[in-house]
Amino acid sequence: MLVKLALANVRKSARDFAVYFFTLVLGVAVFYAFNSIADSSAVQSLPTDVSEVVQLLSNIIAGVSVFIAIVLGFLVLYANAFLIRRRRAEFGMYLTLGMGKGDLLKISACETLIVSAASLAVGLLAGVALSQALTCLCLSMMAQPVEGVTLSFSTKAFTMTVATFAAIFAVSMFWNSAHLAKSKLIDLLAGSRKNDKPRLRNLPLSFALFIVSLCIIGYSYSMLLRTGLLGDDMSNLLIETILVSVGTMLLFFSLSGFLLKAAQMAKPLYLRGLNMFFLRQLASRINSTFVSMSVIAMTLFLALTSVCGGIGIVDGMQKNAENGMRCDASFTSYYAMNTDDENGNVSTRSLVNGLVEESNFDAAVGLSKLTEQYGAPSWDSMVENSAQINFYPSDVSFDTLHDLTGLNLLDSVGAGLITPDTTKQKASLIKVSDFNAARELCGLEQVTVNDGECLLWSDYATSQPYLMSVAAQQPAITIGDMQLKAQREIATDIIECTSVSTRAFQIVVPDDAVTGEPTMAVFDARIADDMQEEFANFCQALCDRNNAEEDSWPMYMYQNVAGVQANSHNLTALVSYLAMYIGFIMVVACAAILAIQQLSDASDNARRYELLAKLGAPQRMISGALFKQVLICFAFPLFVAIAHTICAMQTVKDLVLVFGNFNLSATALMTAAIFLAVYGMYFLVTYFSARAIIVGILLMAALVSIFR
């Protein structure tokens, strides 16, 4: 009997359960889909190195899912609180008719179990379909073929999803039971007529606090833009976070009074239609829920930042990696290395050995003598063409450029990205012949550096704007006993195989301006198609030796196109996947909480709308007032979150210059658009559900008046 009553209640209250059910289905589907990637049939057939990355991604997602489960658990409890509040009068009527509290608890448990089981079943079916799309997306990010992806089922993800949501539903049922058990009959019967107590009644004070909140938020913005994310004192970041959080909370705390005061100052607007009614209703709701709206705004900010920032960062790095694949392979040779002793004293150890001297620092000559020793094919059979860029020491630093031009690197580079010691680092000199040889190998145009000239070169996006400003003044730079005038344009191309550019400041000079021995060299190579693996194994064996013995070459940091591509695609998949997972759950949680608040408000204030109808307000005008209220409640947290995100992206943009130019790509924008579409869908569902609640009560009142 109780089960039948619970089923009837669920069918009757389908409108109330709609948002709750929809949110649970989305949560279950996303939770299963993201946790099932490693068990996909398409992933099982991938090469070992790629499948290992996918497994790493799966392990990270499993860890992140603990946080996601907490967020979803809080959301389910919050939704249940709405459902209990919405049906307090109904539960009170059951008790009035003689039903015991034990039976009431059983009905509530049955209803929760029915909705939970249905949402879990539908969510899992949707999750299986969604997992196939996410698998294809992940494989495309890793540049893997996606043909032949078949429908697959992950027992591990299924078990994890069922266990997680079963625990959430169990806690939810326990909470419902505890809440109903301690509720008094008078509270249940009168619950729908109880109003939230306003926390701020003084309109002029709220108006003033609103202005203060904007000042606090503005100051936190300026402080963040000035100090950046990686300032010398990380306490600044903590202060900025506290300020923007306090400012956001104060903004919503004072928003209700500000809206009323601003509207009252515009009398024609305030007195038009039902604006007076809906603004006071809105003010009351915001005043009583300012804490949750502040948290929602900050959570939406984190969601948008994780998506736009995370995906934008990896897309920028991927673009940088594409520019770093103009040759097949590169490695660096160091001819000296700085070491620290136990007392912190720095000393320089020479890595120049007999082989290096005998080869006159030419890696191609030296390595050709080592191939047989390391069991590799002959050098000429592996390497089709090569170029070597030797780096020679100089006394020129960023401080030198500052003295010549008055331009300070610290004023040009993004806040917090460098320290004052960075400006003391000295540039290396590069012969123009070496530079052009590498550019030719990489398919780039030659540069011309005449006698008496020099060319500033940086493939490091952080320092490029500064060097451009310096070059525009064409300062005369002292190199040895020569004065070389800087060319007006700088070189910015990457001319080695690398995923991360690191050449912040180098000077290309005529060949005769260089004397002495190089301190390091970058070697670029074109490898025969069938010798890629042999050459990689040979270079890796030399890197593993990493010493200055007579039979070795001081080779470090070998990279090839395959490795750069794999690292780029894998990083893109890892960061993008996590950003979408966390961001989507946060957006759904925020939208669902706002929806529940508005539905609860519509339910509590239905009698007020009924009174408006009795006073002659048409249905269209009542629906318009409700639409404005729901729209503002959804829009304000979103606008605040977008404002925070725009400010944060400015510092993220500066930070990403360390790895490459920030690229707010179509992928990031499209993902953010999908999130906002889900948010907008919740808004529409909320409005139509709230309107249905009010229309139903108005219709019932009309019928009662007819038959009275």
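Let us begin at the surface, where L238, I242 and V246 form a nonpolar patch with about 280 Å² of accessible area together. Please bear in mind that this is a predicted model. As a general point, an α-helix has 3.6 residues a turn, so residues three or four places apart point the same way.

I turn now to the interior. In soluble globular proteins, nonpolar side chains tend to be buried together. Here the largest nonpolar core has 79 residues, and Y581 and Y682 touch the most other members. Helix α22, residues 561-604, supplies the largest share of this core, 19 residues. What does Y682 contact, leaving aside its neighbours within four places in sequence? Its partners are V19, F22, T23, L26, V588, A591, A592, A595 and F634.

Next, consider helix α19, residues 432-441. Seven of its ten residues are buried, so this helix is largely enclosed by the rest of the structure. The buried residues are V432, D434, F435, N436, A438, R439 and L441. Their cover includes the strands β4, β5, β6, β9 and β10. After α19 comes G443, whose phi is positive, near 75 degrees.

Strand β4 also leads us to S397, which lies in the loop between β4 (383-391) and α17 (398-405). Is S397 buried or exposed? It is buried, with a relative accessible area of 6%. The side chain of S397 reaches the backbone nitrogen of D399 at 3.3 Å. Not counting residues up to four places away in sequence, S397 touches T423, K424, Q425, K426 and F505.

Finally, I would draw your attention to backbone angles. Most residues other than glycine have a negative phi. N360, although not a glycine, has a positive phi of about 55 degrees. F361, likewise not a glycine, has a positive phi of about 65 degrees. N360 lies in the loop between α14 (354-358) and α15 (363-368), and F361 lies in the loop between α14 and α15 as well. As for accessibility, N360 counts as exposed at 64%, whereas F361 is buried, with a relative accessible area of 7%.

How values were computed
Residues numbered from 1 in each chain as written. Predicted model: local features only at pLDDT ≥ 70, side-chain atom pairs only at ≥ 80, totals over all residues. Heavy atoms only, no water. Patch = residues over 30% accessible without salt bridge, like charges linked within 9 Å, V, L, I, M, F, W, Y side chains within 5 Å. Areas by Shrake-Rupley, 256 points an atom, 1.4 Å probe, with all protein chains shown as cover. Salt bridge = Lys/Arg side-chain N within 4 Å of Asp/Glu carboxyl O. Helix = DSSP H or I, 4+ residues; strand = E, 2+ residues; numbered from the N terminus. Buried < 20%, exposed > 50% of the residue type's maximum accessible area, 1.4 Å probe, protein only. Polar contact = N/O pair within 3.5 Å; in protein donor to acceptor, adjacent residues only side chain to side chain. Contact = heavy atoms within 4.5 Å. Core = buried A, V, L, I, M, F, W, Y, C linked by side-chain atoms within 4.5 Å.
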